Each structure stands twice: as structure tokens, then as C-alpha cells.
Amino acid sequence: MTTLPISVSTNKKTDLLALSLPQLQQWLVERGEAAFRAKQIYQWLYKQLVSDFAAMSNLPQALRQRLTNEATLGPLIVRSEQHSKDDRTRKILLELADGKLIESVLMLYPALGESSARATVCVSSQAGCAYGCTFCATGQMGFDRHLSAGEIVAQVLYFARELRAAPWTAAGLPGSNAIDHITNIVLMGMGEPLHNYDNVLQALRILNSPDGFNLGARHMTVSTVGLVPAIRKLSQEHLQVNLAISLHAPTDELRGQTMPVNRKYPIAELIAACQDYIAATGRQVTFEYVLLSGVNDTPSHAHLLGELLAPLKQFAHVNCIPVNATSAGYRPPGPDAIRTFRAILQEHNVSNSVRAERGDDIAAACGQLRTRFENRQSQS
Ligand code: SAH
Ligand code: SF4
């Protein structure tokens with residue numbers, strides 16, 4: 001096993017949520033503590049979901065005190081929490097230690113037919129984003145900084161604790177089972193996860209740890225604007241996470257207008273990277289397609305998209321997402337246009353679905369809550 005470097009500075013506490021189990025063991029051993037304490041701490045953090053060292057009752061008092069002095073557990077301040085009227089969407093605005101603001105969303109789905117209930121956390125990977133997609137509220141803010149692995153893990157733990165304390169049952173569905181734990185995470189909050197590659201992968205590995213949170217990699221989705229070298233790197237990680245590509249246009253001309261990144265990584269290169277990813281992993285890739293009325297949603301766009309993805313056969317799936325209105329003035333298409341668009345994809349044998357809109361009453365599209373919050377602050 002390789003020795004993992006841990007930055008230890010004298011005046012700065014170590015965020016334990018940023019450490020894998022071997023790193024935590026090493027951190028303890030460096031301080032003359034027993035390595036086996038790491039597993040105990042991991043259990044407290046990720047199985048008991050405690051948020052305080054004092055609660056770790058099987059640790060010696062001296063160690064608890066030392067942890068309090070030298071370590072933290074992702075200090076995040078919740079600046080606001082909003083629940084949609086049906087309580088299926090909850091959104092928090094978090095303030096990080098340096099005052100930066102990020103958002104996380106919990107989406108709750110009742111059991112439906114064969115599938116059991118789900119609780120999905122939509123996690124932010126950066127404060128702001130460098131990629132400037134024109135329809136995205138986060139993109140319009142610009143880039144502040146990468147989040148640490150601990151800041152990513154902490155978002156998931158916040159909602160995990162909330163659900164543990166108060167399991168959720170869908171209102172109006174008597175008899176449906178309550179759900180008390182997180183079943184999925186998607187990196188679809190603020191920021192571009194593959195731009196913050198190392199910290200994102202570290203966070204996913206921590207959440208995946210069988211000694212800790214134990215969330216299966218197949219229940220995790222990384223969504224990317226299409227950073228080709230990082231997609232190729234991800235294909236070599238032997239991590240069974242789901243990959244979603246924000247495609248949003250079938251031609252370079254159109255994609256370049258809404259997604260500046262396309263000038264660096266044009267569609268042909270992106271699709272080639274996806275084909276190599278599929279060959280290396282044997283996994284399906286989801287292509288996200290935000291439908292912008294009158295911009296990328298016509299039947300001819302649907303045909304071009306179908307032709308582009310048909311060669312990927314059953315390994316491509318298109319998720320159509322009617323745009324959430326942002327300040328940019330885009331509108332979602334009506335139900336007829338969406339139906340026609342999907343039927344054309346079907347003609348090309350490209351599997352597809354449509355994302356149900358949710359949480360509109362709490363501004364659930366990425367970056368919108370922070371934008372509203374900051375506008376309010378600047379008005380007051
Ligand atoms: N940066 C990554 C992940 C964060 S965005 C990415 O771009 O994939 C997550 C998803 O939300 C992306 O598919 C993004 O294109 C989409 N999105 C951004 N703004 C949106 C809006 N206003 N309405 C609907 N989806 C939006
Ligand atoms: Fe960044 Fe993704 Fe928003 Fe584009 S859609 S600006 S990559 S967060």
C-alpha cells in the first residue's frame with residue numbers, strides 16, 4: 001500500500017471528513033494513537049452519523065479531547081433550508097469556513113411499482129464554476145474555488161443525519177414505507193466535478209468505504225460538461241460510478257454558443273472519449289440534454305442527436321431536461337415538443353427519458369438559490 005500524504009499544519013485543524021480510512025489510521029498513528037481507533041471513529045461518523053467528538057463514547061476521554069483540539073468534522077453553516085410544498089425536494093444553502101456559499105439538494109422519491117423509495121443528494125463540487133454555460137445560474141457566477149473532499153462528504157452527511165432523525169414518507173401515500181437513509185448521490189450541484197478531479201474521487205471513495213458510509217459506487221453519478229482527458233482518466237479508475245455527459249446540443253456550432261467548453265473539446269472528441277469509456281468499463285453513459293425552447297429542441301435537432309448517438313447503441317441513454325428558468329431568459333418547451341423530440345430519438349433507437357420537474361417553488365436549478373440569496377443581500 002502506498003503511503004498517502006496528509007498535510008498537517010500546526011495552526012490548522014484537520015478535517016476528518018476528508019480522510020480515507022487508511023489516511024485516518026496514519027493520522028492517528030502519527031500522533032501515537034492506536035490505528036484501530038480509526039475504524040471506531042469511522043463507525044461513529046458514517047454509521048452512527050454523529051457530528052461531535054464528545055459523542056464517541058468508546059474512545060478514551062483523552063483522545064476525544066485531542067480530536068476536539070486538533071480535528072474538525074466539516075464545519076459548515078446552514079444559512080437557509082427550504083422544503084418544496086410537497087416536501088419531495090429540500091435545498092440548503094451552506095456557508096463554508098471561508099464564507100463561500102454553496103448549495104445542496106435532497107430529492108425524495110416514493111416507492112413506485114418494483115422500485116423502492118430513493119433519497120438522492122445533489123452535491124456541489126465547487127463554489128461557482130469556470131465553464132460559463134449560458135443557461136446555468138452557477139456558470140454565470142464564475143469560479144471561486146474547488147471544494148475539499150471533506151466539504152463534499154459533509155453535504156451528504158447533513159442530509160443523512162436529517163433523514164435518520166426524521167424518516168420521510170410521501171404525503172398522501174398511506175402505507176408507503178418511510179425512508180431513513182441516503183440511497184444515491186449525484187454530482188449535479190454547483191461546479192464541474194471533473195475539474196476538481198482528485199477531491200471528488202477522494203470523496204466518492206470515502207462515501208463508498210464498506211467500513212463507513214458504504215454507499216455503492218453504482219449509486220453515484222458524476223456529471224461532466226465534457227472534459228475529455230478527465231473522462232479518459234475516469235475510465236481507468238475501476239470505480240463503478242455512473243457517468244453523465246452534459247451534451248445539450250447535437251452540433252459544434254450550437255454547442256459552442258451555449259457551452260464555451262465545446263471550443264476546447266468539440267463533439268467528435270467528446271463522443272470518441274465516451275466510446276473509449278464504454279469499451280473500458282462496459283457501462284452505459286447518460287447524455288443530459290437540457291431542452292431550450294426554440295434553441296435546441298426542434299425535430300431536426302432531435303434527428304441530429306439521434307444520428308450522433310445511434311452508433312453507441314444500448315450504451316447511450318438520453319435524459320431530456322426541460323430547462324429550469326434562469327435569468328438568461330430560456331424557456332422550457334411544451335409537452336408536445338418534448339413528446340415529438342423523444343419520439344424521434346426513439347426512431348433512431350436511442351433510449352431516452354425525461355426528467356420530471358421538481359422543486360420549482362424553491363428555485364431548485366443549480367445556483368439559483370445562491371443567486372437569489374445574494375441578490376437579496378445586495379438589496380438590503
Ligand atoms: N458541471 C456539471 C455538473 C453540474 S450541472 C455539468 O455541467 O454536467 C448538472 C446538470 O444541470 C448539467 O447537466 C447541467 O447542464 C444542468 N443544468 C444547468 N443549468 C440548468 C438549468 N437552468 N435547467 C436545467 N438544467 C440545468
Ligand atoms: Fe458549470 Fe455545469 Fe453549470 Fe456548465 S452546467 S456552468 S459546467 S455547473
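Okay, let's start with a question: which residues are around ligand 2? They are C129, Y131, G132, C133, C136, G139, G191 and V225. Sorted by class, that shell has five nonpolar residues, three polar ones and no charged ones. Before I go on, keep in mind that this is a predicted model.

Now over to ligand 1. Here 19 residues form the surroundings, and the closest are G191, S223, S246, H248 and N324.

What about individual contacts? A nitrogen atom of ligand 1 sits 3.0 Å from a backbone N or O atom of F135. The side chain of E192 has an N or O atom 3.1 Å from a nitrogen atom of ligand 1. And with E288, an N or O atom of the side chain is 3.0 Å from an oxygen atom of the ligand. On its own, ligand 1 would expose 530 Å², and the protein buries 94% of that. Two elements give two or more residues to this shell: β10 (220-224) and β12 (285-291).

Next up, salt bridges. Side chains of opposite charge can pair when their charged atoms come close. There are 15 salt bridges in this structure. In one of them, R79 pairs with E95, with the closest N and O atoms 2.2 Å apart. R79 is in strand β3 and E95 in strand β4, so this pair ties together parts that are 16 residues apart in sequence. R79 is partly exposed, at 38% relative accessibility, while E95 is buried at 16%.

Another pair is K91 with E103, at 2.9 Å from N to O. K91 belongs to strand β4 and E103 to strand β5, so the bridge links parts twelve residues apart in sequence. Buried or exposed, what would you guess for K91? K91 is buried, with a relative accessible area of 0%, and E103 is buried too, at 3%. There's also a network: E30, R31, E33, R66 and E70 are joined by salt bridges that share partners.

Last one, and here's a charged residue without a partner. R64, in helix α3, is buried yet has no salt bridge. The nearest side chain of opposite charge is D52, 8.8 Å away. So what lies 3.4 Å from a polar atom of the R64 side chain? That would be the backbone oxygen of M56. Okay, that's my tour, thanks!

Definitions and conventions. Residues numbered from 1 in each chain as written. Chains lettered and ligands numbered in written order. Predicted model: local features only at pLDDT ≥ 70, side-chain atom pairs only at ≥ 80, totals over all residues. Heavy atoms only, no water. Near = heavy atom within 4 Å. Polar contact = N/O pair within 3.5 Å; in protein donor to acceptor, adjacent residues only side chain to side chain. Areas by Shrake-Rupley, 256 points an atom, 1.4 Å probe, with all protein chains shown as cover. Helix = DSSP H or I, 4+ residues; strand = E, 2+ residues; numbered from the N terminus. Buried < 20%, exposed > 50% of the residue type's maximum accessible area, 1.4 Å probe, protein only. Lys, Arg positive; Asp, Glu negative; His and termini not counted. Salt bridge = Lys/Arg side-chain N within 4 Å of Asp/Glu carboxyl O. Nonpolar A, V, L, I, M, F, W, Y, C, P; charged D, E, K, R; others polar.
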